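Subject: The structure you asked to look at

Hi,

Here is the structure for you to open. Have a look around it first, then read my notes below.

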Amino acid sequence: MSLSTMASPTLSPDSSSQEALSAPTCSPTSDSENLSPDELELLAKLEEQNRLLEADSKSMRSMNGSRRNSGSSLVSSSSASSNLSHLEEDTWILWGRIANEWEEWRRRKEKLLKELIRKGIPHHFRAIVWQLLCSATDMPVKNQYSELLKMSSPCEKLIRRDIARTYPEHEFFKGQDSLGQEVLFNVMKAYSLVDREVGYCQGSAFIVGLLLMQMPEEEAFCVFVRLMQEYRLRELFKPSMAELGLCIYQFEYMLQEQLPDLNTHFRSQSFHTSMYASSWFLTLFLTTFPLPVATRVFDIFMYEGLEIVFRVGLALLQVNQTELMQLDMEGMSQYFQRVIPHQFDSCPDKLVLKAYQVKYNPKKMKRLEKEYAAMKSKEMEEQIEIKRLRTENRLLKQRIETLEKDNPRLTEDFVAHLETELEQSRLRETETLGALREMQDKVLDMEKRNSSLPDENNVAQLQEELKAVKVREGEAVASARELKLQLQELSDTWQVRAPARRARSGPEEGRIQGQLNHSDSSQYIRELKDQIEELKAEVRLLKGPPPFEDPLAFDGLGLARHLDEDSLPSSDEELLGVGVGVGAALQDALYPLSPRDARFFRRLERPAKDSEGSSDSDADELAAPYSQGLDN
């Protein structure tokens, strides 16, 4: 980037501000330890040059030029005074090379550039270097500046009121119609139109005033816009000033961590951090230090941001801790106003050195920022709730006042009605709690009873055994039925042939009857009776537990049992009935019956009506024809 297109350097009309050109010969900052020997030699040479320039005030005054001349080159041969010494020319050459090769220096010589900036930017180079540091050289908003001045701003009255209080002792801003006040009003008005949310905020005029001491108003406007956008200043100057609260919160943490005794003393005296540190962040020490010292801090701020404000602020407290510990709140306020601002007038580099001895942890600052955001969010929610409750309270008061005004008696009746409803509600609540406890006790009792019932596995096993027994009994009954048919046929045959046989031979009848008495059929009938008795015994073993004595009830509602009252048999035949009733239902779903099994279960339903003797009567019925044949 060529400097031939940049604006010419401008100096403050106040000769006191020209002292910022010098860089006192204090010890270099700690970062210089990382520089190469050549770079250290360059720094030492620069310090010597600045010391000589500080002693030669005439050379400083010879560099005064036109503030408004924005068309000439910064480092052209015509802009340099013939009275400059060779040392001054070396300084011009160094910073002229830095400005012309800015990208190269920013990219490859960042450490050396940082060290040079901390040593102080020569006054006549501040205009261009500040613009390069914040990238404000080619901003589109610069073309809008002249149009913005033709517009009106709602903040104009506030700006006019504060202009007279901005640098009131500086020659450039003295007088109501001075050039300084005019251009300061223009820049502040233009920004209030560009950023209507912020508009105008007290304190920002001091920053703009410092810029106007170094460069024309159009360039000062562009630099101020960039500072507001990229350096957290916009958040500081918003109406809520949320960023200022964050900075105070972070600074208090650093104070408590690094100077705990002083922090305790401040608290004991109710000397809050905002009482002395707010102006540090809002004006970047421009209202604290004289301009030569404040401008040195501003040089570093343009390169490193608000970190330098934290460092310088804590350095001031470290240097003055002993004195402050002896003072009360009023004494400390006076000390901050009269003593601290002038401690480093003769050696600003000493202040910078102290500032970079302060411990500053960017990660901790980020963590504190998150904590502060969470805390403010919670406070906001609480404020919203408080506001809502206050609104409701106000409306209720209005309603009560209206009721009392209209009918005092009505109000008393209404309160009595509410008290009655409250008592009834409490009674209903007590009854409900009692009913709930009673229901819980019943549920526990039901769970205990339910645990005594057989589980699913035992029920399935019993069903399988019952099914096997019924199959065996069915086979036995079927065999008995076949035998009964055979006996019926034999009896019929016997009845037909009996008269003829009697006629033929009496002895023959006796022989046949003896054979029948000792035949296998009689033995088979006795075996069937024995099998039936065995089956009855097995059925008794498989009989389940008795049913519940009383049906369970829950608040007047009948509860379904796991088994109905008729599901548990009271006799052998009822057990067989259960096989048809309960068991058969399960068997129909799980084990479909054959026609033969179905007939068997239908047969079982008839004897289930009698309490006893069904199996014996079957045996007798089977044996009756045979007995009749024998009688005949």
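Before the first detail, one term: a polar contact is a pair of N or O atoms within 3.5 Å, and within protein one of them must be able to donate a hydrogen and the other to accept it. Keep in mind, too, that this is a predicted model.

With that in hand, go to Ser204. A polar atom of the Ser204 side chain lies 2.6 Å from the backbone oxygen of Cys201. Ser204 is part of helix H10, which covers residues 204-212. Is Ser204 buried or exposed? Ser204 is buried, because its relative accessible area is 3% and buried means under 20%. Leaving out residues up to four places away in sequence, Ser204 touches Met188, Phe224 and Phe237.

Now zoom out. The chain has 632 residues, and 41% of them count as buried. You'll find 28 helices and two strands in the chain. If you take contacts between residues at least 6 apart in sequence, 79% of them join residues at least 24 apart.

In soluble globular proteins, nonpolar side chains tend to be buried together. Here the largest nonpolar core has 114 residues, and Leu227, Tyr276, Phe298, Phe301 and Leu317 have the most contacts inside it. Helix H16 (residues 291-304) gives the most to this core, nine residues. Another core lies apart from it, with five residues, including Ala480 and Ile525. Back to Phe301: beyond its neighbours within four places in sequence, Phe301 is in contact with Leu227, Tyr231, Leu233, Leu284, Leu306 and Ile308.

Then there's a pair of helices worth a look. Helix H15 (residues 273-283) and helix H17 (residues 307-319) have axes that come within 10 Å and cross at roughly 145 degrees. The crossing of H15 and H17 is right-handed. On the H15 side, Tyr276, Trp280 and Phe281 meet Val309, Phe310, Gly313, Leu316 and Leu317 of H17. The residues of this contact are seven nonpolar, one polar and no charged.

Last stop, helix H5 (residues 110-119). Why do I call H5 largely enclosed by the rest of the structure? Because seven of its ten residues are buried.

Cheers

Methods:
Residues numbered from 1 in each chain as written. Predicted model: local features only at pLDDT ≥ 70, side-chain atom pairs only at ≥ 80, totals over all residues. Heavy atoms only, no water. Helix = DSSP H or I, 4+ residues; strand = E, 2+ residues; numbered from the N terminus. Buried < 20%, exposed > 50% of the residue type's maximum accessible area, 1.4 Å probe, protein only. Contact = heavy atoms within 4.5 Å. Core = buried A, V, L, I, M, F, W, Y, C linked by side-chain atoms within 4.5 Å. Axes fitted to C-alpha atoms, helices over the stretch in contact; angles between N-to-C directions. Left-handed = near helix turned anticlockwise from the far one by under 90°. Nonpolar A, V, L, I, M, F, W, Y, C, P; charged D, E, K, R; others polar.
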